[in-house]
Amino acid sequence: MLYFLVTTKQIEPYQKLLAILIIFGTTYFIPLVLLFLLKSLKKIDSYQLKKRKERKLPLAIMVVLFYALGNLFKRILILEEISLLFHATSLGLIITYFLLNFSIKSSIHLLSIGISCGFFMMVALKSDESYMLIIIINFLIAGLLGSARLHLKAHSPKEVYVGFLIGISTVFGMHIIYSM
């Protein structure tokens with residue numbers, strides 16, 4: 001939503017609304033239903049997905065959903081820029097999934113805010129627009145979110161840093177892939 005508020009691209013209001021509804025359904029509603037389904041089928045013990053093995057199936061499904069969103073928006077010229085966001089998220093989740101096989105858990109919360117930081121940094125680099133305030137606020141939110149995850153003992157410092165670095169680096173990685 002923030003992107004649609006600050007972009008200078010001439011996107012029609014109905015296009016913004018439709019995009020937001022699609023994004024909300026794919027990134028919030030479907031995962032919520034998925035968690036309820038997995039819990040009722042006893043595939044997960046809790047909604048927090050504390051065990052590494054419980055994270056694998058939801059991560060795999062999220063990879064597919066975010067990749068599909070990236071492909072959808074890549075085809076819509078005026079919304080093509082946000083395809084980078086979803087493809088980077090898909091790549092970040094693949095890396096997170098891969099690391100789970102080595103017993104390395106990373107913070108998906110920090111992955112997400114890292115992707116947001118990287119996305120607005122990349123958009124700023126590619127355009128004449130300054131998104132400095134949004135980038136600074138994103139970094140402040142990342143610090144607060146990381147501190148909260150540590151305070152709640154949901155993650156170790158390593159897991160917080162790994163998640164954030166994966167987030168930022170996947171945006172730049174996807175940008176390089178897009179440029180090829």
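## Before we start

This is a predicted model, in which local features need pLDDT of at least 70 and side-chain atom pairs count only at pLDDT 80 or more, while totals for chains, interfaces and linings use all residues. Residues are numbered from 1 along each chain as its sequence is written, and side-chain values use heavy atoms, leaving out hydrogens and water.

## Helix 6 and helix 7

Let us begin with a pair of helices (DSSP runs of H or I, at least four residues, numbered from the N terminus). The crossing of helix 6 and helix 7 is right-handed; a crossing is called right-handed if the near helix is turned clockwise from the far one by less than a right angle, and left-handed if anticlockwise. Helix 6 covers residues 132-151, helix 7 covers residues 157-179, and the two pack at an angle of about 150° with their axes 9 Å apart. Axes here are lines fitted to C-alpha atoms, for helices over the stretch in contact, and angles run from 0 to 180 degrees between N-to-C directions. Helix 6 and helix 7 are therefore roughly antiparallel to each other. Angles over 145 degrees count as roughly antiparallel, under 35 as roughly parallel, 65 to 115 as roughly perpendicular and the rest as oblique.

Which residues make the contact (heavy atoms within 4.5 Å)? Helix 6 brings Phe139, Ala142, Gly146, Arg149 and Leu150, and helix 7 brings Pro157, Val160, Phe164 and Ile168. By class, this contact of helix 6 with helix 7 has seven nonpolar, one polar and one charged residues. Ala, Val, Leu, Ile, Met, Phe, Trp, Tyr, Cys and Pro count as nonpolar, Asp, Glu, Lys and Arg as charged, and the others, Gly among them, as polar.

## Helix 4 and its partners

Now to helix 4. Its axis and that of helix 7 come within 8 Å and cross at roughly 130°, which makes helix 4 oblique to helix 7. The crossing of helix 4 and helix 7 is right-handed. Among the residues in contact are His87 and Leu91 of helix 4, and Ile166 and Met174 of helix 7. That contact of helix 4 with helix 7 has 10 nonpolar, six polar and no charged residues.

Helix 4 and helix 5 pack at an angle of about 145°, their axes being 10 Å apart. This crossing of helix 4 and helix 5 is right-handed. Leu84, Leu85, Ala88, Thr89, Gly92, Leu93 and Thr96 of helix 4 meet Ile108, Leu111, Ile115, Phe119 and Met122 of helix 5. The classes in the contact of helix 4 with helix 5 are nine nonpolar, three polar and no charged.

## A residue in helix 5

Ala124 lies in helix 5. Leaving aside residues up to four places away in sequence, Ala124 touches Glu129, Tyr131 and Ile135. Ala124 and Ile135 are 11 residues apart in sequence, and their C-alpha atoms are 9.4 Å apart in space.

Terms used. Contact = heavy atoms within 4.5 Å.
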